[in-house]
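Have a look at the picture first, then read on.

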Amino acid sequence: MKRHLIIGDIHGCYEELLQLIKIAGITEEDMIVAVGDIIDRGPDSVKVYDFFRNRPNSKVVMGNHERKHLNKVLHYGQEIVKLQFGDRYQEFLDWAEQLDYYYEIPEAIVVHGGFENGIPLEEQKQEVLCASTAGEKHLTKCYGTEQYWPEFYTGSKPIIFGHHVVGEEAHIWPTNVYGIDTGACHGMRLTGILLPEFKIYSVPASCDYWDVERYKWQLPVLQHKTWSGFTFRKIEEELEPFRSSPRTDVTDFVEKMDKWIASLLVKTPEMLNSIQQKAVALEHEHRENVNRVTHQLFYSSLIFAARKGSLNDQTLQQTLTTPEKWIQLANELQIPVPTYESVVN
């Protein structure tokens, strides 16, 4: 008889995955089901993905971390994984897009993160099942902040889920709900439940992988950001968490970024003066020529502001919101400014 091993949040913990499969005595005929969040935080997201992609009797349920990648909501953990996949990242996205939001077998229902009591499985909100931010807010609205959704479940079939770290051991609610995220990527344990007997297996993690990985990948993540297209405000927000990094190569990068931004903004008076001169020169053109020329200029709003006498530092910075736009205008005005590559690399 085919058995099912339901595994909690793996988060790139490949070695622990192999150990868990071994101690559970899983064969090629048995089914391995991951509750989602097979990637991010741990060291081997690509290996875990390859394992499930290539193993015939396997299933991965959509988790909030897979969905973050699909929705291009890339925080630090997702940016690391994008770098780890490299040229294969789109391949991973195409695969993740096909994931189901639940898996049902005669013995149990498997979801990643949540379940709204009284709603048929096929009518559950996807954001609830995968525990996205919107799904979490919906369940909070339903049940409040003092109690967790498993306490309200009244269905007859057991639910197995991950997402919420329940401790180093699986947690079983009296309502027949099994929480099996035991924090493998945080140095705790990777847990699985073998069906149909509902036997619990777990293996200890070798270390706090997320603590290691988030330190290890700081500089590569910073180096691969598209800084020129970010707004100046976003650049400051992105740099802020790294200003106190214990890594000198990271703080050196941040200092170079600060110098680059400063080297752009210091050109403000010169750029304002050049725009003003351009506006004055256009005043001598016929009106139809002025309209034609300013329509062709990407900074036409600044030209009009200069003609109206309202051009100032604030107007310039509100219009040129990114280094890319700032450099483009500087080049148009023939004002030399450093590129990101010339200063940071």
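Is Cys-142 buried, exposed or partly exposed? Keep in mind that this is a predicted model. Cys-142 comes out as partly exposed, because its relative accessibility is 36%, which falls between the 20% and 50% cut-offs.

How about sulfur bridges? Searching the whole structure turns up 0 disulfides. Cys-142 is in none: its nearest cysteine sulfur belongs to Cys-130, 15 Å away. Cys-185 isn't in a disulfide either, with the sulfur of Cys-13 being the nearest at 5.8 Å. A pair would have to sit within 2.5 Å to count. Cys-185 has a relative accessibility of 2%, so it counts as buried.

| Cys-142 | Cys-130 | 15 Å |

Now for the overall build. The protein has 17 helices and 10 strands. Its radius of gyration is 27 Å, while the globule rule gives 20 Å for 345 residues, so the protein is more spread out than a compact globule. Along its principal axes, the C-alpha trace spans about 90 × 45 × 40 Å.

Even so, 50% of the 345 residues count as buried. Take the contacts between residues at least 6 apart in sequence: 67% of them join residues at least 24 apart.

Technical notes: Residues are numbered from 1 along each chain as its sequence is written. This is a predicted model: local features need pLDDT of at least 70, side-chain atom pairs count only at pLDDT 80 or more; totals for chains, interfaces and linings use all residues. Side-chain values use heavy atoms; hydrogens and water are left out. Buried means under 20% relative accessible area, exposed over 50%, partly exposed in between (1.4 Å probe, protein chains only). Helices (H or I, at least four residues) and strands (E, at least two) are DSSP runs, numbered from the N terminus. The radius of gyration is taken over C-alpha atoms; the globule rule is 2.2 Å times the number of residues to the power 0.38. Contact means heavy atoms within 4.5 Å.
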